[in-house]
Amino acid sequence: MIIDATNKYYKQLNEEIKHTQTHDITVKNVLGQRYIGTGVKDKKMTVYGTPGNAMGAYLDNIDIEVFGNVQDAVGDTMNDGHIVVHGKAGDTLGYAMRGGSIYVKGDAGYRVGIHMKAYQDKQPVIVVGGCVGSFLGEYQAGGTILVLGLGSQDSSPIGNYCGTGMHGGNMYIRSAVKPEFLPPQVSIELCDSKDMAVIQPLIDQFCEYFDIKEDILRDKPYYHIFPNADNPYKSLYTSY
Amino acid sequence: MGIQYLYPEFEVHRNFDRCIKCRVCERQCSEQVHYYDEEDDIMRADESKCVDCQRCVTMCPTRALKIVKTENTFRPNENWHQNTIEEIYRQATTGGALLSSMGNPKDYPSYWDRILLNASQVTNPSIDPLREPMETRVFLGKKPHDLEFDSHGELISKLPPQIELEVPVMFSAMSFGAISENAHKSLARAATACGTCYNTGEGGLNKSLYPYGPNTIVQVASGRFGVHEDYLKAGCAIEIKMGQGAKPGIGGHLPGRKIGPKVAETRMIPEGSDAISPAPHHDIYSIEDLRQLVYSLKEATNYEKPVIVKIAAVHNVAAIASGIARSGADIIAIDGFRGGTGAAPTRIRDNVGIPIELALAAVDQRLRDEKIRNDISIVVGGSIRSSADVVKAIALGADACYIGTAALIALGCHLCRQCSRGLCNWGIATQREDLCRRLNPDIGTEHLVNLLTAWNNEIKEMMGGMGINSIEALRGNRLMLRGVGMTEKELEILGIKHAGE
C-alpha cells in the first residue's frame, strides 16, 4: 500500500495509515506531518520525506524506516518496535523510551535518550551514527545508547552535561578523545573486551542498516559511561 | 556519635491500671516504639521513635494509651521557634535537605474559611433536596461553541470527549508505590460506585485494575512510568502532570526500597531501582511543546479521551492556564500550595506556590476575559477539606474538585506526615506486606463511598439553600459568595464582595 502525503494534514494522514489493511505501508512525500506511527499496531512502514515531530510516539511493535531526516521527539515513550533513519534526527530522540531500537545514520540533536529505561526483556537501544548535542542520556535508568561519532574527527561527538542524574543503563561513545565535563553521577572508562562484546551486535546492525563498512568504525577507541550508583539521590534528603 | 540534640516530640502516656500487657501496641507499631520488658513485666516505650500516628491508641483494647505532645520546651523565642531550631540540628547532623510528607502544615490563611455562602430568604425560595431534583452531575471537557440539530431534534454536532461525573469530586493523583495496592483498589472501587474518577498518579496502572478503567484517569508525567498504548487507552481520560501543589517546580523520586515486584511490574522498571521523575518534562519547554504532547496522546487514543493538564498554582497561573487552554487540552487541573504528597522537600512544600482559592479565581476570570472559558474545564485541588470547600470552589469557577488528603483520611490516615518513610501503620503509604494488609479494601471502599455520599448530600443542601438546583447554575456564581476579614485586594482577586455589601 502506498500513501501519498502531499498536502495532507497529519490528522488525515495518520487516519489513513491507521485504516490501512496491509501490513506493509509506504508513505511518500511526507513534509512535517507529526505523530506518524503513533497509535498504529503491527505494521511495517517505509517513509520518504521529512516526518514531523513525535514520529513513533508510544510506538508499539511497528517498524519504521525513514529515508530522510526526522525532527524532534522521535520515539517518545516508545514501547517496542524499530525505527531506522537514513538521515539526521532532531532533539529529544527516544525520550523515556522503554523498548525497541532507534538507529540514526547521521547526527542527532540535544537531549537524546533522556530517561530511557529498561524493563525485563525490554532493553531499549539508541544508536546514533554521527554526533549528538548536549544532555545526552540524562536520568538514564536503563537500556543502551551508542554514539559512533562519524564525522567528529578529533573532537568528542557528544555535547556537555552527558548523563546528569543517570542511574541505570549504559552509554558507549566512539571518540578520539575522552569525553569531558561529565557530572559526578557517572564514571567513564575505556571499553574492555567485555564492553565491546556488548556493543558489537549494535555496530553490526548499524552497518547492515546503512550499508557501512565496519572498518571505518575501528579507528577510534570506545568509551563506556555508566552510573556510579543505582540510587543517586539517596543521601540527598533527611526525612522527619 | 555526638550529642543527640533532638528531644522526642511526643510522649507515650500509658495508664498502667488499664494496661493488660496484651502487647497489641507493640505488634501494631511499625516504628517499634513499644516493647515488653520481661524483667519488670511491664510495657515500655521508646518515645524518640513515635510519630503520633495514633495506631496504638486506636488499637489498644483497654484505651490505656494516649500520645501527648511533650511539654519539654526550649527557651521560648518568637523568632527562633523550637521546630526551626530542631530543623537546623537535623541538618547539621545529616547534611540532608529536609524531606516531608503530606500538605503544607504552616499557618497560612485559608481563604475557604473566610468565604461565606449565601442562602435564600423570603424571595427566590430555597429548595429542599428531599423533594426536588438536584443536579450534581457534571461533564468535564471542551464545550462546543454552537450545536446543530437535525429536523427531528437529534444532535448532529460531534461533541468533544467528556468525563461524566455524578458528583463534582474526584480522587486526585496518588501513585501505586506512593500508596498501597489496597488503597488504590479502594479508590478505584469507590470511584466506580460513586460515578466519579480516581487517578493513577505517575505509577502506571496494574492490569488487575483495568476493569475500573471507565472511572480511571491515567497520568503521564515526566518519568513516563508504565506509560504505553494499552495504559493510555485503559482510562477515561489522560492527565499530563506538569506540576504538583506540594512541590511546584520539582520532580519526584520513589526510592528503590519501595519498588517491590508489583510496583516494578506496574511502573515497568526493575525491582529496587529508583524511580526518578525529572522536574520538567524534558520535551516540554513551551506551550507549543505541550500542545505536541497533548496531540500525541490524542493521536494515540483516536481522539476519544479528554486530556487534562495538571499544574501547581503558582504566581503567574492565569497566564499559564490561558496557554494550556490554547494547547488543545480539554481540562486544566490546578493544585494549590496546600496539596499533599508522599514526599517533598520541606522548604518547597512550605514556601512555594499560592493558595488555590486565589489561583482558581484568577484563572477563571482570565479565561472568561479571553472568551476561552468554554474551551476547557477547571478542576481544583490542594486542600479541599469539606463539601463546603467544594461548593465555594465551584462558585468561584471550578467545574469539579480533586481530593487526595481527604480521601486518605477516609481510609484511616491520621496525618502523621511520615509517608516518605514507607512504614505507614494504617496500610496506606507503604509497600510492606504486613502493613498493607491492615487496609481492608472492602472497608476502604465503603468509607470512601460514604464520604462522597455525605458530601454530595451536603452539596445538595447548600445549593438548595441558595435556591440553586444544579452545579451548572452554581459554577462561577460568585454572587453566592461573600468574604469576611479580607483586604480589598483579596476581594478583588477573588471577585467577591465583602459580607454586608
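Two residues count as touching, or in contact, if their C-beta atoms, placed from the backbone, lie within 7 Å. Helices (H or I, at least four residues) and strands (E, at least two) are DSSP runs, numbered from the N terminus. The model is predicted, so local features need pLDDT of at least 70 and side-chain atom pairs count only at pLDDT 80 or more, whereas totals for chains, interfaces and linings use all residues. Residues are numbered from 1 along each chain as its sequence is written, while chains are lettered from A and ligands numbered from 1 in the order in which they are written.

**View 1. Chain A holds an open sheet of eleven strands.**
From one strand to the next, the twist averages 15 degrees, where axes are lines fitted to C-alpha atoms (for helices over the stretch in contact) and angles between N-to-C directions run from 0 to 180 degrees. As an example of pairing, strand E2 (residues 24-31) and strand E3 (residues 44-50) of chain A are parallel and share six bridges, with Ile25(A) standing opposite Met45(A) in E3(A). Helix H2 (residues 193-210) of chain A lies across several strands, among them E5 (81-85), E9 (168-174) and E11 (222-227) of chain A, and runs at about 115 degrees to E11(A).

**View 2. Gly169(A) sits in strand E9 of chain A.**
Gly169(A) has 22 C-beta neighbours inside 10 Å and therefore counts as buried; a residue is buried if 20 or more other C-beta atoms lie within 10 Å of its own, exposed if 12 or fewer, and partly exposed in between. Leaving out residues up to four places away in sequence, Gly169(A) touches Met116(A), Ala118(A), Gln140(A), Ala141(A), Gly142(A), Gly143(A) and Thr144(A). Pro124(A) is 45 residues away from Gly169(A) along the chain, yet their C-alpha atoms are separated by 9.5 Å.

**View 3. Chain A and chain B meet in a contact that takes 40 residues from chain A and 34 residues from chain B.**
On the side of chain A that touches chain B, E8 and strand E12 (237-239) of chain A each supply at least two residues, and E12(A) gives the most, with three residues. E12(A) runs parallel to strand E5 (residues 97-100) of chain B, to which three bridges join it, and Ser239(A) stands opposite Leu99(B) in E5(B).

**View 4. Helix H7 (residues 287-300) of chain B is mostly covered, with ten of its 14 residues buried.**
Among these buried residues are Leu290(B), Leu293(B), Tyr295(B) and Lys298(B). The buried residues of H7(B) pack against helix H1 (10-18) of chain A and, within chain B, against strand E11 (216-220), helix H5 (229-234), strand E12 (237-241), strand E15 (307-312) and helix H8 (317-325). After H7(B) comes Asn302(B), whose phi is positive, near 55 degrees.

Cys22(B), in the loop between strand E1 (10-14) and helix H1 (24-28) of chain B, is partly exposed, with 15 other C-beta atoms within 10 Å. Cys25(B), in helix H1 of chain B, counts as buried, with 25 C-beta neighbours inside 10 Å.

**View 5. A further UniProt "binding site" (unreviewed entry) lists Cys29(B), Cys50(B), Cys53(B) and Cys56(B).**
Cys29(B) is placed in the loop between H1 and E2 of chain B, and with 23 C-beta neighbours inside 10 Å, Cys29(B) counts as buried. Leaving aside neighbours within four places in sequence, Cys29(B) is in contact with His34(B), Arg55(B), Cys56(B) and Asn425(B). His34(B) has Ala45(B) in E3(B) as its bridge partner, and E2(B) and E3(B) form a hairpin with four residues between them.

Technical notes. Pairing = 2+ DSSP bridges. UniProt positions renumbered as here; feature names shortened; annotations may be inferred.
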